[in-house]
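Please keep the sequence and the structure in view while reading.

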Amino acid sequence: MSETESMYLDILKGLAVHFDSRFITDIRETALQHPDIRLGHALNHNQSASKKWLIDSLFEATSGKLGRICILGGWYGVLGAKLLHDPRFDVEHAASVDIDASCEEIALCLNRTHVDTGKFTFLVADMYNMDFEDHGFDMIVNTSCEHLDTIGRWFERIPAGTLLTLQSNNYFGIDGHVNCVETLDQFKQQVPLEEVLFEGELELKKYTRFMLVGRR
Ligand SMILES: C[S@@+](CC[C@H](N)C(=O)[O-])C[C@H]1O[C@@H](n2cnc3c(N)ncnc32)[C@H](O)[C@@H]1O
């Protein structure tokens with residue numbers, strides 16, 4: 001390990017003491033065991049701001065009682081960890097789903113605290129093929145809508161009345177961003193909710209993120 005890497009890890013370890021945070025300890029362990037540049041992307045400023053916005057808006061819309069949740073396109077499990085570590089929320093179980101099996105090991109490491117309590121699991125699956133009726137989730141989150149080229153095909157699989165939290169963006173030109181939208185209205189047309197509890201946009205440095213919370 002280089003001196004610089006060692007310095008960053010020491011700082012994270014020190015922060016964990018200061019904030020008494022199991023989450024920061026889990027992040028440090030994950031960075032140590034999986035020094036992958038993409039982990040840095042998943043935890044960078046824009047991603048963190050977008051997740052914080054989601055979590056704060058979701059709390060406003062639901063008062064925090066979430067039950068069994070499913071996070072689609074959950075990547076390295078950052079959102080699952082943030083929701084499970086946030087004392088405002090009552091999460092019975094979080095299933096983080098991704099089509100990319102290489103995410104599993106990192107997501108499990110980042111969620112070590114809640115893997116140990118049985119509250120976090122990872123599922124390798126294509127969300128286009130999942131049977132959501134069978135799973136009976138109380139809430140489904142999809143912050144990877146910009147990655148779905150035929151999003152309607154996914155949306156029609158969601159049982160009527162399901163609580164949904166959805167994000168997309170206008171960050172065109174990024175690898176895998178095959179379904180970006182120009183506006184919030186365009187996003188609403190892609191995922192027509194029966195009842196909208198929250199809608200909004202967040203200006204970030206290079207793009208705008210759009211969010212909808214509501215019932216299918
Ligand atoms: C770059 S990441 C996450 C971006 C997102 N804005 C966020 O932070 O939540 C997008 C993830 O969606 C996953 N993904 C794309 N298509 C999927 C599908 N059909 N089923 C499940 N996961 C999928 C990719 O493997 C990737 O890990």
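## The ligand site

Which residues surround the ligand, and which of them are the closest? The model, which is predicted, places 15 residues around the ligand. Gly73, Ile99, Asp100, Met127 and Thr143 are the closest. Sorted by class, this shell contains 7 nonpolar, 5 polar and 3 charged residues.

## Domains

The protein is divided into domain 1, which covers residues 1-33, and domain 2, which covers residues 44-215. The contact between them draws on 7 residues from domain 1 and 8 residues from domain 2. On the side of domain 1 that touches domain 2, the residues divide into 2 nonpolar, 2 polar and 3 charged. The centres of the two domains, taken over C-alpha atoms, are separated by 26 Å.

Helix α2 spans residues 22-33 and helix α6 spans residues 103-110. Their axes come within 8 Å of each other and cross at roughly 145°. From α2, the residues Asp26, Ile27, Glu29, Thr30 and Gln33 take part, and they meet Ile106, Cys109 and Leu110 of α6. By class, the residues of this contact are 4 nonpolar, 2 polar and 2 charged.

Helix α1, residues 3-19, contains Leu9. Apart from residues up to four places away in sequence, Leu9 touches Arg28, Ala31 and Leu32. Between the C-alpha atoms of Leu9 and Ile27, which are 18 residues apart along the chain, the separation is 9.6 Å. Leu9 is partly exposed, because 16 other C-beta atoms lie within 10 Å.

## Nonpolar cores

The largest nonpolar core has 31 residues. Within this core, Ile69, Cys70, Ile71, Tyr76, Leu110 and Val141 have the most contacts. At least two core residues are supplied by each of α2, β1 (65-72), α5 (78-85), β2 (90-98), α6, β3 (120-124) and β4 (139-142). A second, separate core has 13 residues, including Ile151, Val181, Phe187 and Val213.

Ile69 illustrates the contacts in more detail. Leaving aside neighbours within four places in sequence, Ile69 is in contact with Val91, Ala94, Phe137, Asp138, Met139 and Val141. Helix α5 is mostly covered, with 6 of its 8 residues buried. The buried residues of α5 are Val78, Leu79, Gly80, Ala81, Leu83 and Leu84.

## Loops and positive phi angles

Is Ser63 buried or exposed? Ser63 is exposed, because 11 other C-beta atoms lie within 10 Å, and the cut-off for an exposed residue is 12 or fewer. Ser63 is found in the loop between α4 (45-62) and β1. Although Ser63 is not a glycine, its phi is positive, at about 65°.

Trp75 also has a positive phi, near 55°, and is a residue other than glycine. Trp75 lies in the loop between β1 and α5. Trp75 is buried, because 22 other C-beta atoms lie within 10 Å, and a residue counts as buried at 20 or more. In the loop between β2 and α6 lies Ala101. Ala101 is exposed, with 10 other C-beta atoms within 10 Å. The C-alpha atoms of Ala101 and Val213, 112 residues apart along the chain, are 28 Å from each other.

Key: Residues numbered from 1 in each chain as written. Predicted model: local features only at pLDDT ≥ 70, side-chain atom pairs only at ≥ 80, totals over all residues. Near = placed C-beta within 6 Å. Nonpolar A, V, L, I, M, F, W, Y, C, P; charged D, E, K, R; others polar. Axes fitted to C-alpha atoms, helices over the stretch in contact; angles between N-to-C directions. Helix = DSSP H or I, 4+ residues; strand = E, 2+ residues; numbered from the N terminus. Contact = placed C-beta atoms within 7 Å. Core = buried A, V, L, I, M, F, W, Y, C linked by C-beta atoms within 7 Å. Domains from an automatic or database assignment.
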